[in-house]
Amino acid sequence: MKIFLDTSSVEVIRSHLSTGLIDGVTTNPSLMLKEGKDPLEVIRRISDLFPDDASVSAEVTAETAHEMVELSRPYTSLGSNVTVKVPCTREGLEACYILSENEFKVNVTLVFSQAQAILAAKAGATFVSPFVGRVDDNSFGGLCLVKDIANVYAKHNVSTQVLAASIRNVREVGRAFEYGANICTLPPAIFDKMYNHILTDDGLRRFNEDWANLMG
Ligand code: E4P
């Protein structure tokens, strides 16, 4: 069960590293826009924070597969933990095929159906990203999609990892892993909430009070 942070903020990622609980990062053009910095420099700084076997997704946006492959070069030259993120379109999957044949890690994003996930796996994707929250926004089940993809991959011994994305709350994290996701990528605010439970706070308060009373 791996946890990635879904953010382009180097400072936020750095502040979470001491937990030892973060296995990688996903970024996308919207998250990059929020930071307003040079994407290549942002990915370089994030990549430097992680070991070689981690994953830092950098999304490429272009019309054709070959343009996507070209755009990925500056990113893949930064380090072996950099994963190229491509959309689940015909062109994106062609880029995925070319990149994976050349031993680069690829995250196929914007996945909304089991059929798309099957194609992504056949194109050699390292990760496939079903968008749980955006599926739910459109009145069908995001977590069911995770389950359907994980089930078909398990039945056919597919090595592509299921990376549950667009997660909107803590409960979905548990469910996504239960349904077979290998990784959840989480906005930092949702990751931070995973620690919390009202009974932990209440129990700790009482233990602290009792300890203080015992010690006089
Ligand atoms: C991660 O890879 C995705 O880009 C991200 O989780 C999308 O989340 P959103 O639907 O909240 O924008």
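Start with the largest pocket of this predicted model: 14 residues line it, and Asp6, Asn28, Phe131, Arg134 and Ser166 are the ones nearest its centre.

**The largest pocket**
- Its volume comes to about 190 Å³.
- Sort its lining by class and you get four nonpolar, six polar and four charged residues.

**Who's around the ligand**
- The residues around the ligand are Asp6, Thr26, Asn28, Lys85, Phe131, Arg134, Ala165, Ser166, Arg168 and Thr185.
- This shell splits into two nonpolar, four polar and four charged residues.
- Asp6, Asn28, Phe131, Arg134 and Ser166 turn up here, and they are also the residues nearest the centre of the largest pocket.

- Lys85 has a side-chain N or O atom 2.7 Å from an oxygen atom of the ligand.
- For Arg134, a side-chain N or O atom likewise lies 2.7 Å from a ligand oxygen.
- On its own, the ligand would expose 340 Å², and the protein buries 84% of that.

**The second largest pocket**
- There's about 160 Å³ of space in the second largest pocket.
- It is lined by 13 residues, with Lys2, Asp23, Asp53, Ala54 and Ser55 closest to its centre.
- By class, that lining divides into seven nonpolar, two polar and four charged residues.

Definitions and conventions: Residues are numbered from 1 along each chain as its sequence is written. This is a predicted model: local features need pLDDT of at least 70, side-chain atom pairs count only at pLDDT 80 or more; totals for chains, interfaces and linings use all residues. Side-chain values use heavy atoms; hydrogens and water are left out. A residue is near a molecule or strand if one of its heavy atoms lies within 4 Å of it. A polar contact is a pair of N or O atoms within 3.5 Å; within protein, one must be able to donate a hydrogen and the other to accept it, and residues adjacent in sequence count only if both atoms are side-chain atoms. Accessible areas come from the Shrake-Rupley method with a 1.4 Å probe; for residues, only the protein chains shown count as cover. Ala, Val, Leu, Ile, Met, Phe, Trp, Tyr, Cys and Pro count as nonpolar, Asp, Glu, Lys and Arg as charged, and the others, Gly among them, as polar. On a 1 Å grid over the protein atoms alone, a cavity is a set of points where a 1.4 Å probe fits but cannot get out, and a pocket is an open set with protein on both sides within 12 Å along at least five of seven lines; lining residues have an atom within 4 Å of a point. Grid points are joined across faces, edges and corners, and a volume is the space filled by probe spheres set on the points.
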